[in-house]
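The following note sets out points for a colleague reading this structure. Please keep the sequence and the coordinates in view while going through them.

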Amino acid sequence: MRTSPTPGHRGRWQALVAALTGCALLLAGLAATGGTAQARTAAWSPKPSPMTTPWTDRVPVGNPLPEYPRPQLTRSDWLNLNGIWDFAVTGRDAGQPGAFPEQIRVPFPVESALSGIKRRVTQNDRLWYKRAVTVPSDWSGRQVRLHFGASDWRTTVWVNGRQAGAVHDGGFDAFSYDITPLLTSGSHTLVVSVWDPTETGGQAVGKQRIRGVDPQPGGGIFYTASSGIWQTVWLEPTAPAHIGRLDLVPDLANSTLKVTVRGDGTGSGHQARVTVSAGGAPVGRATGPVGAEFAVPVPNPRLWTPEDPFLYDVRVELLSGGQAVDTVGSYAGMRSISVGRVNGVQRILLNGRFVFQSGTLDQGYWPDGLYTAPSDAALRFDLQKHKDMGFNMVRKHIKVEPQRWFHHADRLGLLVWQDMPSMDPRTPDGPARVQWEAEYDRIIDQHRSSPSLVMWVDQNEGWGQYDQARIANEVKAYDPSRLVDNMSGVNCCGSVDGGNGDVIDHHVYVGPGVTDPTATRAAVLGEFGGLGIRVPGHEWYPGGGFSYENQASLAALDNRFVGLIDGIRRTRMPLGLSASVHTEITDVENEVNGLLTYDRQVVKTDEARVRNANRALIDASRTAPSVAALPTGNRSLRVTTPGHTDRYARHQNGLGFTEVVNGAGSALLKNDATWRIVPGLADDRCYSFESRNYPGEYLRHREFRVRREGGGDALFRADATWCAVAAPGGVRLASYDFPDQLLRHHDAQLWLATPGGPRPYDDPALFTEDTTWAIENPWAP
């Protein structure tokens, strides 16, 4: 077993300063509330976690997740409200309780062990949170805003007994309130209520399902719900007129950063001044109107790529009468993402060039914190593991992470496909659709400046599907700087392709299968793999794990995974595939498809082998190769395995064999060892091998045995099509519909062999030699 190292983290210096400031302010706030907060903290304890991660026992009680939560709009003054809050649960329609008999550690979901509650929540429950807070005295004269990173699902807030703003509906987007009018002198009381119906409601829910909180068999691809506050809660002072949001869009064609500064409390007398810097030295500055886009020059921009994720520092000042009344820090990456033709094939282009995107499906679940990572280092860890294994992309699967997760992806250099969390698979009603689309817009706004985020994935496998084409068009219009996937898994599970967007996206287990680009859309494999193995001592429910294809050992997992990646490199990428997403980075509850265990304690794969396979795939894509060319007409296929180079592929009684063929052989043998190479029956970029003496019958695979057969349906045409891959001393012939599998001779028989497969004809000994063929002049012209 390969054990994960203890992860480290070093943030941007601005975020570090802000975090330290926030810690100091938090301590000051707690001290100002006196012994009540200290007693509350002392009385609280976490619940036992079914599995412990390297960070489970290191989460601070009073100040978890102390890092500044909004890295692309930073201010030095803030107060972190994470920690121990009083807690109560009532019926759904009950009013505020008179007593809060429990304590919960915010921001961990109620169902999680790290919250200290670890209890099932249903649609009949209302969650109540309460705490006292003292606003620092040096904030006097400024507005005070109360921020929530996310709270699932319907959240109502009171300050000193008065409701703060409107009720917020949404489980994945940030929201805030100006609580200045509700503040009095001294300590203040915050009360928050949350109602979360999970899958019984009509809202975006992702993979959450109401169930018991202890490990249990079953569950499939759905997981324990995460109800209530699950991201950082914090206070921030601002000027009455201040910057509320930044939209930063790189424009490589004009060497500029397009900036829109959104203001709160601003008027016609305000302007925004933006300075872009690199290494502390300004490279461009511009002043423009608030609320409208203007350009900041970035001459000779250093491009953001996975190999060089360079970030420019951005400073924005809100001006009134030429004086700065508000200042925020941010950052930007200069990169473009688009779709365009390369050698006649529609491809995804990063900075105008095709680079294959190889990633994993990332569910974002933790055994101790569920939706909430136990620490910022843990949040970064999974992304770092992607980099360690050579991946350059991650698909965040029907969950939206905190802004710090995107910050880590920006800094590490990982391309992000962001799913909009789906509703329940049933067809949504009108109010559910309105809510889902409104929350989607807010999520786009919240993350639209992150350079790592390159594609929005609207819907998944038809779950809650409706108006696919309209939604894709509207998302593209709302954020034209990114790609849009109207449906991931259009070939799966009753989903309906909207027919538009930038990519056509198939799901194939185990795959990689066949996904071809269209005239307008690049081809991507949105899910494949699902290779699983249970690791004793690191299972959610021992013996209860499942996968799409179980592996016999960790070595078998390595071989099978590398075989799939190599198959994509050999054939599917040259034939038009632009990206692939392997299921998945970690095990999740009873899914054991992960490259890591759910507790992040064991890396199941050989990182170096996986990294090398990914690098070979990505490097090969930079030249946009095509499949190898073969001569057409009558030819013979000679074995290249040392000691057997006098043998040729032949058919006998309808089955494929190899046999020694020489000038003394019979005419029948020479005919049987001669094949007419023709354009592939399923794809004319590949090839089919027609029997010379049985015209209309072809070399095809069926149930892994390779034979000579005739037929005309789509399955036959695919099985009888082989894609040529150049190899030292000859070519390898990959199955068109199973690109990871190759024509191999084994014990004088022809088989469709799988690298890393479990069958005798998959034997790794001499695998490369046995699957390499020399195309020779025909024995029977």
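1. A polar contact here is a pair of N or O atoms within 3.5 Å; within protein, one must be able to donate a hydrogen and the other to accept it, and residues adjacent in sequence count only if both atoms are side-chain atoms. The model is a predicted one, in which local features need pLDDT of at least 70 and side-chain atom pairs count only at pLDDT 80 or more, while totals for chains, interfaces and linings use all residues. Residues are numbered from 1 along each chain as its sequence is written, and side-chain values use heavy atoms, with hydrogens and water left out.

2. The side chains of Asp-479 and Ser-481 are joined by a polar contact of 2.6 Å. Asp-479 sits in the loop between helix H6 (468-478) and strand S31 (483-485); helices (H or I, at least four residues) and strands (E, at least two) are DSSP runs, numbered from the N terminus. Asp-479 has 2% relative accessibility and counts as buried, that is, under 20% relative accessible area with a 1.4 Å probe and protein chains only. Leaving aside residues up to four places away in sequence, Asp-479 touches Ile-444, Arg-448 and Trp-456, contact meaning heavy atoms within 4.5 Å.

3. Eight strands form an open sheet with parallel pairing, in the order S31-S30-S29-S28-S27-S36-S33-S32. Two strands pair if DSSP finds at least two bridges between them. S31 and strand S32 (503-508) are at the edges with a single partner strand each, so one side of each lacks a neighbour in the sheet. Within the sheet, strand S29 (residues 415-419) and strand S30 (residues 453-457) run parallel and are joined by four bridges. Asp-419 has Val-457 of S30 as its bridge partner.

4. Helix H5 (residues 430-447) and H6 have axes that come within 11 Å and cross at roughly 30 degrees; axes are lines fitted to C-alpha atoms, for helices over the stretch in contact, and angles run from 0 to 180 degrees between N-to-C directions. H5 and H6 are therefore roughly parallel to each other, a term for angles under 35 degrees. Residues making the contact include Trp-436 and Ile-444 of H5 and Arg-470 and Tyr-478 of H6.

5. A cis peptide bond, with omega about 15 degrees, joins Val-106 and Pro-107. Ile-398 is a residue other than glycine with a positive phi, near 40 degrees; Ile-398 lies in the loop between S28 and H4 and is buried, with a relative accessible area of 2%.

Terms used:
Buried < 20%, exposed > 50% of the residue type's maximum accessible area, 1.4 Å probe, protein only. Parallel < 35°, antiparallel > 145°, perpendicular 65-115°, else oblique.
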